[in-house]
Amino acid sequence: MTDELLSDRIKSVIETEPVALFMKGTPQFVMCGNSERALQALRSAGAPVTAVDILPDPGIRQALSELSGWPTIPQVFIGGELVGGADIVQELAATGELAEKLEGSLGDDYREDAQERVVSVLVPA
Amino acid sequence: MTGELEAILREAFPEASEVHVTDRTGGGDHFLIEVTSPRFDGLSLLEQHRLVNDALAAPFASGRIHEMRIKTKGTA
């Protein structure tokens with residue numbers, strides 16, 4: 001797969017998913033403590049989470065960081081905008097700002113039917 | 001390594017009232033970075049962390065840092 005195609009697919013996830021979490025592992029099998037912290041923070045705010053595992057191909061992380069300008073994993077996007085990594089999301093969850101951000105972006109009733117899902121950027125959507 | 005990172009941060013944030021780097025695991029590659037600076041006043045957390053990430057881009061790119069936890073504070 002070309003870098004450009006990978007980059008396009010990552011961009012598409014960021015732009016179309018209400019909440020995108022790029023992480024090491026999946027919500028069912030988290031492979032890093034920082035990804036776990038970000039996931040738990042999103043769960044505590046009742047967010048619908050679309051997770052992308054960056055581990056299957058080193059190109060995913062590279063393309064993602066080029067797009068976002070953010071060096072580390074995890075990365076959380078809400079409504080297409082980078083919110084930050086584990087430290088930021090955890091802090092925003094603790095102050096209630098994460099829920100406010102989710103309401104602002106997804107609407108007041110975002111908690112209803114909030115689901116977690118995993119998507120791959122290595123195969124066509 | 002903690003001393004090296006602190007020196008880089010002090011140079012990048014000469015106005016900071018606090019620069020502290022902790023080796024979280026003792027292994028020399030997991031760090032807690034704490035910076036308190038008036039430069040963070042009025043900036044979002046994302047912007048604050050970006051400034052710290054930018055300051056530490058070189059050591060991070062070298063692969064010697066496995067994990068950075070960042071805690072930033074303004075002084076206002």
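**A loop in chain A**

I began with D113(A), which sits in the loop between α5 and β7 of chain A. I use DSSP runs for helices (H or I, at least four residues) and strands (E, at least two), numbered from the N terminus. My model is a predicted one: local features need pLDDT of at least 70, side-chain atom pairs count only at pLDDT 80 or more, and totals for chains, interfaces and linings use all residues. Residues are numbered from 1 along each chain as its sequence is written, while chains are lettered from A and ligands numbered from 1 in the order in which they are written.

Is D113(A) buried or exposed? D113(A) counts as exposed because 7 C-beta neighbours lie inside 10 Å. My cut-offs, with C-beta atoms placed from the backbone, are these: buried means 20 or more other C-beta atoms within 10 Å of a residue's own, exposed means 12 or fewer, and partly exposed is in between. I also noted a positive phi of about 60° for D113(A), although it is not a glycine.

R111(A) belongs to the loop between α5 and β7 (116-118) of chain A. I found R111(A) partly exposed, with 14 other C-beta atoms within 10 Å. I then looked up A47(A), which is 64 residues from R111(A) along the chain, and the two C-alpha atoms are separated by 6.2 Å.

**A cis peptide bond**

Which peptide bond did I note as cis, with omega near 10°? I wrote down the bond from I73(A) to P74(A). P74(A) lies in the loop between α3 (58-68) and β5 (75-78) of chain A. As a reminder to myself, most residues other than glycine have a negative phi, and most peptide bonds are trans.

Two packed helices are described by the angle between their axes and the distance between the axes. My axes are lines fitted to C-alpha atoms, for helices over the stretch in contact, and angles run from 0 to 180 degrees between N-to-C directions.

I took α2 (residues 33-44) of chain A first: it packs with α4(A) at an angle of about 25°, and the axes are 9 Å apart. I therefore logged α2(A) and α4(A) as roughly parallel. The terms are: under 35 degrees roughly parallel, over 145 roughly antiparallel, 65 to 115 roughly perpendicular, and the rest oblique. The crossing of α2(A) and α4(A) is left-handed; that word applies if the near helix is turned anticlockwise from the far one by less than a right angle, and right-handed if clockwise.

I listed the α2(A) residues that meet α4(A), among them R37(A), A38(A) and L42(A). Their partners in α4(A) are A86(A), V89(A), Q90(A) and A93(A). Contact here means C-beta atoms, placed from the backbone, within 7 Å. The residues of this contact of α2(A) with α4(A) divide into 6 nonpolar, 3 polar and 1 charged. I count Ala, Val, Leu, Ile, Met, Phe, Trp, Tyr, Cys and Pro as nonpolar, Asp, Glu, Lys and Arg as charged, and the others, Gly among them, as polar.

Next came α5 (residues 97-106) of chain A, whose axis comes within 5 Å of that of α4(A) and crosses it at roughly 90°. That makes α4(A) roughly perpendicular to α5(A). V89(A), L92(A), A93(A) and T95(A) in α4(A) meet E97(A), L98(A) and K101(A) in α5(A).

**Across to chain B**

I then followed α4 (residues 86-95) of chain A to α2 (residues 45-55) of chain B: their angle is about 155° and their axes are 10 Å apart. I therefore noted α4(A) and α2(B) as roughly antiparallel. Their crossing is right-handed. I88(A), E91(A) and L92(A) in α4(A) meet L45(B), L46(B) and H49(B) in α2(B).

Which residues of α2(B) are buried? I found L45(B), Q48(B), H49(B) and V52(B). Seen down the axis of α2(B), they fall within an arc of 90°, so they line one face of the helix; the arc is that of the directions from the helix axis to the C-beta atoms. They pack against β6 (81-84) and α4 of chain A, together with β2 (30-36) and β3 (67-73) of chain B.

Definitions and conventions: Contact = placed C-beta atoms within 7 Å.
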